[in-house]
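User: I'm new to this one. Can you walk me through it?

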Amino acid sequence: HTAQAMLASGLTIGNSGNVSARVPDADRLLLAITPHGCYYDTLTPEDIVVVDEEGEPVAGEGIPSAELMLHVAIYQARPDVGAVIHAHPPMSGAVAVVGRPIPPILEDQIVFLGGQIEVAPHAMTGSLELVPVALEALGERNACLLANHGALGVGRDAREALCACQYLEKLSQTFLFASWTGHVNVLPPEVVEVETAFFRSRR
């Protein structure tokens with residue numbers, strides 16, 4: 001459902017991107033993840049693959065997404081995260097190509113995403129080199145950008161992760177439009193401090 005919602009929301013096209021969710025109540029890290037090369041409009045629950053933190057299959061017959069180890073690393077680093085979405089939206093993609101962080105410019109950016117949006121340096125899709133730079137860019141926030149690649153959104157569940165990607169896309173559009181005017185006004189530091197504290201209190 002979430003992968004199809006990502007497609008319907010314009011956050012990706014075709015079969016690009018990937019979605020995963022932490023399997024709850026397991027005695028080890030297990031995650032359900034979209035399979036490699038599967039088109040989302042025909043995706044069924046039976047296509048979803050369940051693997052452990054080593055990438056070993058637990059359920060399902062498909063090949064896990066090429067970004068599997070990035071998802072695993074996020075779950076290991078962020079116990080608060082229950083779902084991860086890697087999307088390829090147009091506006092977020094444009095900012096990822098520009099390669100500049102998005103400073104704190106909108107209140108919902110702070111409240112729902114956690115602050116300034118960082119851009120991870122470029123690394124090949126599915127490579128182990130992508131994992132540490134993406135983790136650093138994500139930090140304690142709910143979203144980041146991957147240079148010349150796309151976007152990452154995380155949340156306590158799949159709906160929250162999807163909303164993070166949607167907030168990031170709206171934010172990216174606002175940032176680009178404001179940049180074209182030649183001036184971007186950032187929020188006052190005291191507002192950022194208060195709203196960052198609120199974001200952290202919700203985790």
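Analyst: Here is a short tour of some strands, a cavity and some aromatic pairs. Keep in mind that this is a predicted model.

User: Let's start with strand β3. Are its faces covered or open?

Analyst: Both faces of β3, residues 49-52, are covered. V49 and V51 are buried on one side. V50 and D52 are buried on the other.

User: OK. How many bridges join β2 to β3?

Analyst: Four, and the two strands run antiparallel. Strand β2 covers residues 30-33. Its A32 stands opposite V50 in β3.

User: And what about β3 and β4, how many bridges there?

Analyst: Two bridges join β3 to β4, residues 57-59, again in an antiparallel arrangement. V50 has a bridge partner in β4 as well: A59.

User: What sits between those strands in the hairpin?

Analyst: Four residues separate β3 and β4 in the hairpin. G55 takes a positive phi there, near 85°.

User: Switching topic. How many cavities of 30 Å³ or more are there?

Analyst: One. The largest cavity has a volume of about 90 Å³.

User: Which residues line it?

Analyst: The lining of the largest cavity is R78, D80, V81, N142, G155, R156, E160, F199, R202 and R203. By class, that lining has six charged, two polar and two nonpolar residues.

User: Now the rings. How many aromatic pairs are there?

Analyst: Two aromatic pairs. One of them is F112 with Y167, whose ring centres are 4.5 Å apart. Their planes are at 10°, so the pair is stacked.

User: Where do those two residues sit in the chain?

Analyst: In distant parts of the chain, 55 residues apart. F112 is in helix α4, residues 107-113, and Y167 is in helix α6, residues 158-180.

User: How exposed are F177 and W180?

Analyst: F177 is partly exposed, with a relative accessible area of 40%. W180 has 65%. Exposed means over 50%, so W180 counts as exposed.

Technical notes. Residues are numbered from 1 along each chain as its sequence is written. This is a predicted model: local features need pLDDT of at least 70, side-chain atom pairs count only at pLDDT 80 or more; totals for chains, interfaces and linings use all residues. Side-chain values use heavy atoms; hydrogens and water are left out. Buried means under 20% relative accessible area, exposed over 50%, partly exposed in between (1.4 Å probe, protein chains only). Two strands pair if DSSP finds at least two bridges between them. On a 1 Å grid over the protein atoms alone, a cavity is a set of points where a 1.4 Å probe fits but cannot get out, and a pocket is an open set with protein on both sides within 12 Å along at least five of seven lines; lining residues have an atom within 4 Å of a point. Grid points are joined across faces, edges and corners, and a volume is the space filled by probe spheres set on the points. Ala, Val, Leu, Ile, Met, Phe, Trp, Tyr, Cys and Pro count as nonpolar, Asp, Glu, Lys and Arg as charged, and the others, Gly among them, as polar. Rings of Phe, Tyr and Trp (its six-membered ring) pair if their centres lie within 6.5 Å; planes under 30 degrees apart count as stacked, over 60 as edge-to-face and the rest as tilted.
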